[in-house]
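Please open the model in your viewer and keep the selection panel at hand.

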Amino acid sequence: MIDKSTITAANEAAEAALRADYDALGEHLSRRGIDIAAVKDKVAAYGIAIPSWGVGTGGTRFARFPGTGEPATIFDKLDDCGVIHQLTGATPRVSLHIPWDDADPADLFAKAEETGLAFDAMNSNTFQDQPGQAHSYKFGSLSHTDAATRAQAVEHNLYCIELGRKIGSKALTIWVGDGSNFPGQTSFTRQFDRYLDSARQIYAGLPDDWRLFTEHKMFEPAFYSTVVQDWGTNYMIAQALGERAFCLVDLGHHAPNVNIEMIVARLIHAGKLGGFHFNDSKYGDDDLDTGAIDPYRLFLVFNELVDAEGTPGFDPAHMLDQSHNVTDPIESLMNSAMEVQRAYAQALLVDRGALGGYQDDNDALMASETLKAAFRTDVTPILRMARLDKGAAIDPVPAYRRSCYRATVAEARPKADGSGGGIV
Ligand code: LRH
Ligand code: MN
Ligand code: MN
């Protein structure tokens, strides 16, 4: 963890300016009928999960350029996640990916306690083979043509649930790369039937207080067809499995320009929105930093979420899911968590009464301007004050740089090998 005095010293230097900015924004918002403290409290209560794999430098299939002090084990990763939460106060949970993060549950639990974290959804990675595995996932996992391969993938998911139970997780996220690369390679129908059959077996093993999230993705690694390719198929799965099955929306898993906020609204309407993987993209599943390319889209997603707040049973899970190739992953993840908070705060500023009126009057221009008025408001002082209140850093990235955390851990951690591509 970072020495508390580093954070305190940085905060002391920035506090007076922050209070002036916060008061000025508070006055401005009160003229719009908004209580800044109420917005700040909601932002302060908001938390987003970090994917364990995100704290390692990512890569493409061409290359990986590891930084110094890369986490080598899940325990190193939890240390890094602890620092992110210490500085931002916004990332209280970590989402494990198994088998990447497989370890003794008692050790995982102890490390989480030490770093002030809890565990979010478990992710069952059946998109790659592991050493010693009996059956290969080259041609699929849950939807494989071979029953023994499917059984192995089901078994792995049940193992993830078992491990998750021991460390306090309450959800399983399934994403499979199953699909095909050539027209005719697979029967769309029979492949989907096999997927459903396997998913039902996993659902049958789900504890009563758990939720099952299935994640759709248009393409990659299968480039012609993917078995759970879009929210339509995902919704069919959630319907087929039962009331504890929900759809997970990864922002990057759609074609460019798809109206994701509308998909979110539809899933909310159906009571099947399970959660999010936040990231940003220009072309495909780019896994760029959340809010880096299209912050307005992120805001529009949060606009739907705020609109649905208070709906009984509405409790989507929030996780970042992005890959860092040219930045320090800790800095990117801190920034992204803050971008998500920003979108949430902006969405809280939407004048919903006025918006509804403009919608009823078919006043398209003013309806759009109502959203823009919220989006254009610089809510930075709200986010900063929420952090100051909880003892996190007013400005996390400079505080992190000043702490020299990366250089310190680099002395203890083995130097990472950059050979080969891959996402982790
Ligand atoms: C697939 C995905 C999925 C995996 C993660 C590593 O593209 O978004 O969520 O678990 O990437
Ligand atoms: Mn994802
Ligand atoms: Mn993805």
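**A strand and its neighbours**

Select residues 273-278, strand S11: six of its six residues are buried, so the strand is largely enclosed by the rest of the structure. Buried here means that 20 or more other C-beta atoms lie within 10 Å of a residue's own; 12 or fewer make it exposed, anything in between partly exposed, and C-beta atoms are placed from the backbone. Helices (H or I, at least four residues) and strands (E, at least two) are DSSP runs, numbered from the N terminus.

The model is predicted: local features need pLDDT of at least 70, side-chain atom pairs count only at pLDDT 80 or more, and totals for chains, interfaces and linings use all residues. Residues are numbered from 1 along each chain as its sequence is written, while chains are lettered from A and ligands numbered from 1 in the order in which they are written.

Right-handed means that, with the strands pointing away from the viewer, the path from the first strand over the helix to the second runs clockwise.

Now select residues 317-320, strand S12, also parallel to S11 and linked to it through four bridges. Phe276 has His318 in S12 as its bridge partner. With helix H9 (residues 295-308), S11 and S12 make a right-handed β-α-β unit.

Definitions and conventions: Pairing = 2+ DSSP bridges.
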